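Please keep the structure in view while reading the points below.

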Amino acid sequence: MAEPADDITASVEMFLPLDMQRAFSRDPDLAVMAAALGSFSAAVFHTVVPMSPSDRLDFCRRVAASSNGDFPAWMVEASLRSIEGDRTAMDGTDPAVMLGIPIHGLVVLNSDYLTTDAAHALRGRAEELAQELLPRWQALPPQ
C-alpha cells in the first residue's frame, strides 16, 4: 500500500496539469479528493484571487457552465470565498454538490488560465494543502 504522501504526490500530478484520463480513471478516495482540493486551492490563489471582480465573475460563470447545470455560479463564488478563509461562505450549500466544483474548476483553470509550467510550479503548494486536509478528513467519523 502506498504511503499517503506518495498517494497525494501522484494524485496532485494528475491535476496539475490536468490529465483527464488518469484523474477520472481513479476511484475518488480521500487522498485523491484532498489532492483535487489542494490543487484547486493552489491554482485559485495563483490565478483567481488576483483577478478583477468582473474577471472573477466570468471565471465563476465558466466553471458553472462546465457543470451543465449541476451548480450555479454563486456556488463557485462561495467555494472561492471559502478557500480564501471565509468560514461562512458555504453555509446553506449542499456539500455533495460542492464536491464537483474543484474538479470543474481545475478543468477550466488548466484549459484556459494555467500554462503547463505554471501548473507544474503549483504542485508543491498543492501537495502541502492536501497534506493538511487528509489527516483531518481521515479523523472524521464514518457516515
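This is a predicted model: local features need pLDDT of at least 70, side-chain atom pairs count only at pLDDT 80 or more; totals for chains, interfaces and linings use all residues.

Helices are DSSP runs of H or I with at least four residues, and they are numbered from the N terminus. With that naming in hand, the largest share of the lining of the largest pocket, 7 residues, comes from α3.

**The nonpolar core**

- The largest nonpolar core is made up of 43 residues, and those with the most contacts inside it are Phe15, Leu16, Phe40, Phe59 and Val76.
- Two or more residues of this core are given by each of the elements α1 (4-15), α3 (30-48), α4 (53-66), α5 (73-83), α7 (100-113) and α8 (116-138), while the largest share, 10 residues, comes from α3.
- If residues up to four places away in sequence are not counted, Phe15 touches Ala23, Val32, Ala35, Ala36, Ser39, Ile103, Leu106 and Asn110.

- Because Phe59 lies in helix α4 and Tyr113 in helix α7, the pair ties together parts that are 54 residues apart in sequence.
- Phe59 has a relative accessibility of 0% and therefore counts as buried, since buried means under 20% relative accessible area.
- Tyr113, by contrast, has a relative accessible area of 26% and is therefore partly exposed, a term that covers values between under 20% for buried and over 50% for exposed.

**The largest pocket**

- The largest pocket has a volume of about 1200 Å³, and of the 32 residues that line this pocket, the closest to its centre are Leu37, Met90, Pro102, Leu133 and Trp137.
- The elements that give two or more residues to the lining of the largest pocket are α2 (20-25), α3, α5, α6 (95-98), α7 and α8.
- When the residues of this lining are divided by type, 21 are nonpolar, 5 are polar and 6 are charged.

**The second largest pocket**

- The second largest pocket has a volume of about 160 Å³, and its lining is formed by Leu30, Trp137, Leu140, Pro141, Pro142 and Gln143.
- The residues that line the second largest pocket divide into 5 nonpolar and 1 polar, with no charged residue among them.

How values were computed
Residues are numbered from 1 along each chain as its sequence is written. Side-chain values use heavy atoms; hydrogens and water are left out. A nonpolar core is a set of buried Ala, Val, Leu, Ile, Met, Phe, Trp, Tyr and Cys residues joined through side-chain atoms within 4.5 Å. Buried means under 20% relative accessible area, exposed over 50%, partly exposed in between (1.4 Å probe, protein chains only). Contact means heavy atoms within 4.5 Å. On a 1 Å grid over the protein atoms alone, a cavity is a set of points where a 1.4 Å probe fits but cannot get out, and a pocket is an open set with protein on both sides within 12 Å along at least five of seven lines; lining residues have an atom within 4 Å of a point. Grid points are joined across faces, edges and corners, and a volume is the space filled by probe spheres set on the points. Ala, Val, Leu, Ile, Met, Phe, Trp, Tyr, Cys and Pro count as nonpolar, Asp, Glu, Lys and Arg as charged, and the others, Gly among them, as polar.
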